[in-house]
Amino acid sequence: MSINNLDEFAHTWEAIREDYDTRSNDEYDQSVLDCAARLAADPAGQTAYAWTLGLVLMAPYLGYAIDDTGKPEAVAALQAADSALHDRPCAHDEHLYREHEEEFDLDLAEQLLGLSDPTAPWDEDHCREAWLCPRNIAGFARIALDIIEPGTTRDVPPRLPIGTEESIQTLSAVLHGYPRAGTDLAWELTAPALDLAAAASQDRPGCLLTVHAIAAYAASDMCEAPSVVEELINALEKTLPHYADATCGHTQHAEPPRWAPDLAELGIQLSSPGGRARYERTRRQDEDPPLENLLCPVALARIAQDSLKNLRSRHAQLIADPDAEDAAGATGSFDGNRHGDMDGTTAA
């Protein structure tokens, strides 16, 4: 199953995976198009494994890109591979793609080279034959599809949308009071409000938790920007009607994290189908509440009301202060005890 220049291909694909957040790159686009064309030409062939894994490596670049260059071709090729391979007979009870979490992509280029050369050293947990099983390669095709178009693919380990981890880290730094150099503070604090106002019903609860975390920060003396507070207020006012008729049968509601960075991280995670699936997949049965309880509409309505109350109070203070600046003041670290409890029942 050797492929000419596979070393060069694998090196290029790995470089694209590492540099996925490049907005547009003609060389990267050409690598995607070339790989997709080779897979589409023979989606069930002996070398389909290489082109499929190549697209897994380059999928983050496609998932992050603003334009669609190479995306339709890659999606079509991957769908063809999945269709051609996923019902092939095999003797395996389980397939390793089911265990392939995002962090395992780091080893994928090296494993690909080992698969192409049966004489090369191989100390993986699964044998080459298991890796090359048609149903396993079909599973990797679905992994790539899920990276490119989150939430559209069945039967693969769930992932956060591309760029989500970076968003979590950037917002966390702001909420800790130590924003990264070059951070647009006003944008980081108001973008989640815009997301909440436009959120689909399934994503709205996670977006609301993120705004709740930011509201605790914005309602404190850490923020001196009336425009930031106004954006958060507007988003919450648009959100509350969705919970106007909320009812539930819970005798007790799960408490979300009270520390703003942790709450924001959870909210961002729960704002996507992959994030919600990951939460349920990894939650500790004895410690973490099920989503049905954590995202109860009655509890969410209370959270929105409490955040709105605190923000309106802070907004009144800011517009009454002639020295208030229309900029996000964010110095020092956020202290939940100093600024109030994160459940919104006291001024944040």
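Residues are numbered from 1 along each chain as its sequence is written, and side-chain values use heavy atoms, with hydrogens and water left out. Because the model is predicted, local features need pLDDT of at least 70 and side-chain atom pairs count only at pLDDT 80 or more, while totals for chains, interfaces and linings use all residues.

Trainee: How many aromatic pairs does a search of the whole structure find?

Mentor: Rings of Phe, Tyr and Trp (its six-membered ring) pair if their centres lie within 6.5 Å. Planes under 30 degrees apart count as stacked, over 60 as edge-to-face and the rest as tilted. Searching the whole structure gives seven.

Trainee: Are the rings of F9 and W13 stacked or edge-to-face?

Mentor: Look at the two values. The ring centres of F9 and W13 are 5.5 Å apart. Their planes meet at 10°, so the pair is stacked.

Trainee: Is W13 buried or exposed?

Mentor: Buried means under 20% relative accessible area, exposed over 50%, partly exposed in between (1.4 Å probe, protein chains only). The relative accessibility of W13 is 2%. That makes W13 buried.

Trainee: Which helices hold Y28 and Y61?

Mentor: Helices (H or I, at least four residues) and strands (E, at least two) are DSSP runs, numbered from the N terminus. The pair joins parts 33 residues apart in sequence, because Y28 and Y61 sit in two helices. Y28 is in α2 (residues 26-41), and Y61 is in α3 (residues 48-64).

Trainee: Where does α9 bend?

Mentor: The bend at a residue is the angle between axes fitted to the seven residues ending there and the seven starting there. In α9 that angle is about 25°. A proline, P192, follows within four residues of the bend. The bend is at A191.

Trainee: Which residue caps the N-terminal end of α9?

Mentor: A polar contact is a pair of N or O atoms within 3.5 Å; within protein, one must be able to donate a hydrogen and the other to accept it, and residues adjacent in sequence count only if both atoms are side-chain atoms. Here a side-chain oxygen lies 3.4 Å from the backbone nitrogen of A186. The capping residue is D184.

Trainee: Leaving aside neighbours within four places in sequence, which residues is L236 in contact with?

Mentor: L236 lies in helix α11 and is buried at 0% relative accessibility. Contact means heavy atoms within 4.5 Å. Beyond those neighbours, the partners of L236 are L196, L208, V211, A304, S307, L308 and L311.
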